[in-house]
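Please read it alongside the sequence and the model.

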Amino acid sequence: MEDLMAKFSGGEQRALARVISLVENESPEKDELLRRLYPRTGAAYIVGITGAPGSGKSSLVDRLTGLIRRAERTVGIVAVDPTSPFTGGALLGDRIRMQEHACDGGVFIRSMGTRGSLGGLARTTKDVIRVLDAFGFDYILVETVGVGQAELDIMHVADTTVVVLTPATGDSIQTIKAGIMEIADVFAVNKADLPGARKLAAEVEAMLDLKGTRPAWRPPVLLTSTVSGEGLEDLWAAVERHRAYLVEAGLFERRRQERARAEALEIADHRWQAMVRKHTELPGPVNELLARVEARELDPYTAAAEILQWVVSSSPLRGAGCGAG
Ligand SMILES: Nc1nc2c(ncn2[C@@H]2O[C@H](COP(=O)(O)OP(=O)(O)OP(=O)(O)O)[C@@H](O)[C@H]2O)c(=O)[nH]1
Ligand SMILES: [Mg+2]
């Protein structure tokens, strides 16, 4: 552990990859690692990139990475692929267009599949983002496919969320899910080199007009093409503008405070569920209670109360790995 931490602090990407693996694999060292890394976090700016499959998220991440690197800033990239069981950088690393950055020490790319529960994925993704933050990247770009609630939840960790739309996959205002429109801080209408992009951008603008109220931040709608290069610098400028807005409005601090609070509760929930589940996997009082519920000898309300009591009294809540002082 000490050796690993020293290498991590020294900026060795191999140590970073190792720490991420320990976190992803729920290793026994995980909690201790995350606890020790936490004080070093908070400086990275986190940008979420979401949109339908094939809308060009990875291509945009790649081009934005180029822009950020030209400004001599570093980038950590997390790609969450809900369709892939693979983890460990196979997915994005394979992509030819990412190869340019693969040998750049200022860029680190990690893809994550979805193993385990959806909630578990979101939790692990947040932990991996935190590890990248602690490592010292200036920006962290998080690519997620905009399907399902878990993916939307992940976007809550982003300071700025870019929603990628494109005419190519038949996106139109009618087919875009309400949820995804709500989370956008910036819209990128990508594949602007193809027909229909301008019309789609106009539709998004019209939809924003329809909202009636004049929000303090109206999401800008940028036409982008990773093929022609159109709009990429404007897109990044819009992200930076959103960042400046958040800071000036005091929202940046406030959102981070709220998230820190929500996160502590989420971790507590997560652990609590894991503890209860652990008891259901072993023979013992919890399973005896459940068996009595099955047989209708006991009502589920009484059983639940007794299960909670039992789990609290028998679990080392402040044991190793749970924050014992
Ligand atoms: N014409 C055109 N094609 C693009 C553009 N951006 C991306 N593409 C193409 O669209 C396809 C999908 O691009 P990706 O960047 O992999 O899209 P993605 O959203 O990351 O896809 P998933 O991760 O599979 O959901 C690829 O064939 C790209 O070459 C663009 O601006 N114009
Ligand atoms: Mg992709």
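The numbered points below proceed from the overall fold to individual residues.

1. The model is predicted. The chain has 325 residues, of which 36% count as buried. It contains 14 helices and seven strands. Among the contacts with a separation of 6 or more, 71% are between residues 24 or more positions apart.

2. The sheet. Seven strands form an open sheet with parallel pairing, in the order E3-E2-E4-E1-E5-E6-E7. Strand E3 (107-112) and strand E7 (221-223) lie at the edges, each pairing on one side only. On average, neighbouring strands of this sheet are turned by 20 degrees against each other, direction ignored. Helix H4 packs on the sheet and touches E1, strand E2 (75-80), E3, E4, E5 and strand E6 (186-189). The direction of H4 makes about 175 degrees with that of E4.

3. Strand E1. How many residues of strand E1 (residues 45-51) are buried? Seven of the seven are, so E1 is largely enclosed by the rest of the structure. In a regular strand the side chains alternate between the two faces of the sheet. In E1 both faces are covered: Tyr45, Val47, Ile49 and Gly51 are buried on one side, and Ile46, Gly48 and Thr50 are buried on the other.

4. The partners of E1. Strands of a sheet pair through backbone hydrogen bonds, in either a parallel or an antiparallel arrangement. E1 runs parallel to strand E4 (residues 139-145), and seven bridges join the two. Within this pairing, Ile46 stands opposite Ile140 of E4. E1 also pairs in the parallel sense with strand E5 (residues 160-165), over five bridges. In that pairing Thr50 stands opposite Val163 of E5, and Gly51 has Val164 of E5 as its bridge partner.

5. E5 and E6 pair in the parallel sense over four bridges, with Val163 standing opposite Phe187 in E6. E6 is in turn joined to E7 by three bridges, and these two strands run parallel. Here Val189 stands opposite Leu223 in E7. From E6, Val186 and Ala188 point one way while Phe187 and Val189 point the other way, and all are buried.

6. The largest nonpolar core. This core has 61 residues, and the members that touch the most others are Ile140, Leu141, Phe187 and Val189. Helix H7 (residues 118-135) gives the most to the core, with seven residues. What does Ile140 contact, leaving aside its neighbours within four places in sequence? The residues in contact with Ile140 are Ala44, Ile46, Gly76, Val78, Ile129, Leu132 and Asp133.

7. Val61. This residue belongs to helix H4. Val61 is buried because 27 other C-beta atoms lie within 10 Å. Not counting residues up to four places away in sequence, Val61 touches Ile49, Ile77, Leu141 and Glu143. Val61 and Val142 are 81 residues apart along the chain, yet their C-alpha atoms are separated by 8.6 Å.

8. Val23. This residue is found in helix H2 (residues 13-24). Why does Val23 count as buried? The cut-off is 20 or more other C-beta atoms within 10 Å, and Val23 counts as buried because it has 20 C-beta neighbours inside that distance. Leaving aside neighbours within four places in sequence, Val23 is in contact with Lys30, Leu33, Leu34, Thr124, Asp127, Val128 and Val131. The C-alpha atoms of Val23 and Leu33, ten residues apart along the chain, are separated by 8.2 Å.

Notes: Residues numbered from 1 in each chain as written. Chains lettered and ligands numbered in written order. Predicted model: local features only at pLDDT ≥ 70, side-chain atom pairs only at ≥ 80, totals over all residues. Buried ≥ 20, exposed ≤ 12 C-beta atoms within 10 Å, placed from the backbone. Contact = placed C-beta atoms within 7 Å. Core = buried A, V, L, I, M, F, W, Y, C linked by C-beta atoms within 7 Å. Pairing = 2+ DSSP bridges. Axes fitted to C-alpha atoms, helices over the stretch in contact; angles between N-to-C directions.
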